[in-house]
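Here is a brief report on one protein chain. Please look over the sequence and the model before reading on.

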Amino acid sequence: MSESAGPRAHAHAHGHEHDGSGHGHARGDLADHAHAHGAHADADHNHGGHGHGDHDHNHAHPHGGVKGFLYDLFVPHTHDSADSIDDAMEASTAGIRALKISLVILLATTVLQAVVVAFTGSIALLADTIHNFADALTAVPLWIAFVLGRRAANRRYTYGYGRAEDLAGMFIVFVVALSAVVAGWQAIDRFITPRPVEYPWLLIAAGLIGFAGNEAVAIYRIRVGRKIGSAALVADGVHARLDGFTSLSVVLGAIGVLLGFPLADPIIGLLISVSIMVLLWGTVKSIGARLMDAIDPALLDRTERALAQTTGVVAVRDVRLRWVGHRLTGSATVEVDAADLPTAEEVADHAASHVHAAVRNVDGFAVAPTSSSGRAVV
């Protein structure tokens, strides 16, 4: 079996060392080997006529028009190999930086909105403020998860600590759900004990501030999440974008108050709470899929194509990929046209390097060669 650790040799173990691989290639040697065959990889691994950065998806999604715009806005891709960061430490550092910056932005947005709540007494803005504060706090467990993910694998955690991201995602779901319940309770209480909303024009400004802060965070988190392959960070960014639109709903409540309909404010507050719970379901499904080792079929297709288009590979079998936090690991069995073990391992090395070129956030990918008759090469 041949295993490649990717285009770069990592000085740290990231949970993907396969000591029982059956051969003596070191990680650094394999990384050098992958670079040494760069021209060869380009010649026989062109992904069907386009570069690695192109999206070649078997799953259809809308392009163009309003539907396509909304799809790209709220369902960003997380498997872009052209912009991906292929070094685990660099990816974790980028993720932590994104969390720090977005935490500051969201906290600043929350403080500004809280000041306006004190002046206006708006329950809709209070709901939005509570939720934005909860969203800011969700950066903390995700931050801890990125730090834990840097720890080396050991004999107990043989895949490392990357799954801490998924645990952080579960905590985020709980915190956001709790914020929705608190905001909903406040809205219902305002129906029971009405209170006039003051300074509605100030309320409109606060809603726009909330939208701007959330959209800035969304753009940054999604962009970094796509580069490092972190579904949790991308989902957090999408959630921030949706929160921006709930902040705009505060503006609608303020307009209702200006038009002489004071109940518009608690109605909007209650609708915000309900929408948070509805939108949270998408995050629950995403995290649940990760916990069940679900993988995007497009990533599997790309991996299979990289293996199949390697010179010497006759057939590809048993391809497996799994996420460990924001990094991928996997394995495959390939039938090779080789007369002896050294030649078979060389083909397997080429195939593994092609996988890393196609899916750059793969940390470890083991390729086991067999003869075209299905028996192990000896």
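Helices, at least four residues long, and strands, at least two, are DSSP runs numbered from the N terminus.

## Model and confidence

This is a predicted model. The mean pLDDT of the protein is 74. Of its residues, 74% reach 70 or more.

Helix H10 (residues 297–308) has the highest value, at 93. Helix H1 (residues 27–36) has the lowest, at a mean of 37. The pLDDT is below 50 over residues 5–61, a stretch that has 111 contacts in the model beyond near neighbours in sequence. Residues 66–86 also have pLDDT below 50, with 62 contacts in the model beyond near neighbours in sequence. Where pLDDT is low, the predicted coordinates should not be read in detail.

## Overall make-up

The protein has 378 residues, and 52% of them count as buried. It contains 11 helices and four strands.

Contacts reach along the sequence. Take those between residues at least 6 apart: 76% of them join residues at least 24 apart.

## Strands S3 and S4

Strand S3 (residues 327–336) pairs with S4. The sense is parallel, and the pairing runs over nine bridges. Within it, leucine 328 stands opposite valine 362 in S4. Helix H11 (residues 341–358) lies on the path from S3 to S4. This β-α-β crossover is right-handed.

How many residues of strand S4 are buried? The count is 10 of 10, over residues 362–371. S4 is thus described as mostly covered.

## Serine 247

Serine 247 is found in helix H8, which spans residues 231–258. Is serine 247 buried or exposed? Serine 247 counts as buried because its relative accessibility is 0%, and the cut-off for buried is under 20%.

The side chain of serine 247 makes a polar contact with the side chain of aspartate 128, at 2.6 Å. Which residues are in contact with serine 247, leaving aside its neighbours within four places in sequence? They are Gln113, Asp128, Asn132, Gly207, Gly210, Phe211 and Asn214.

Methods. Residues are numbered from 1 along each chain as its sequence is written. This is a predicted model: local features need pLDDT of at least 70, side-chain atom pairs count only at pLDDT 80 or more; totals for chains, interfaces and linings use all residues. Side-chain values use heavy atoms; hydrogens and water are left out. pLDDT is the predictor's confidence in each residue, from 0 to 100. Contact means heavy atoms within 4.5 Å. Buried means under 20% relative accessible area, exposed over 50%, partly exposed in between (1.4 Å probe, protein chains only). Two strands pair if DSSP finds at least two bridges between them. A crossover is right-handed if, with the strands pointing away from the viewer, the path from the first strand over the helix to the second runs clockwise. A polar contact is a pair of N or O atoms within 3.5 Å; within protein, one must be able to donate a hydrogen and the other to accept it, and residues adjacent in sequence count only if both atoms are side-chain atoms.
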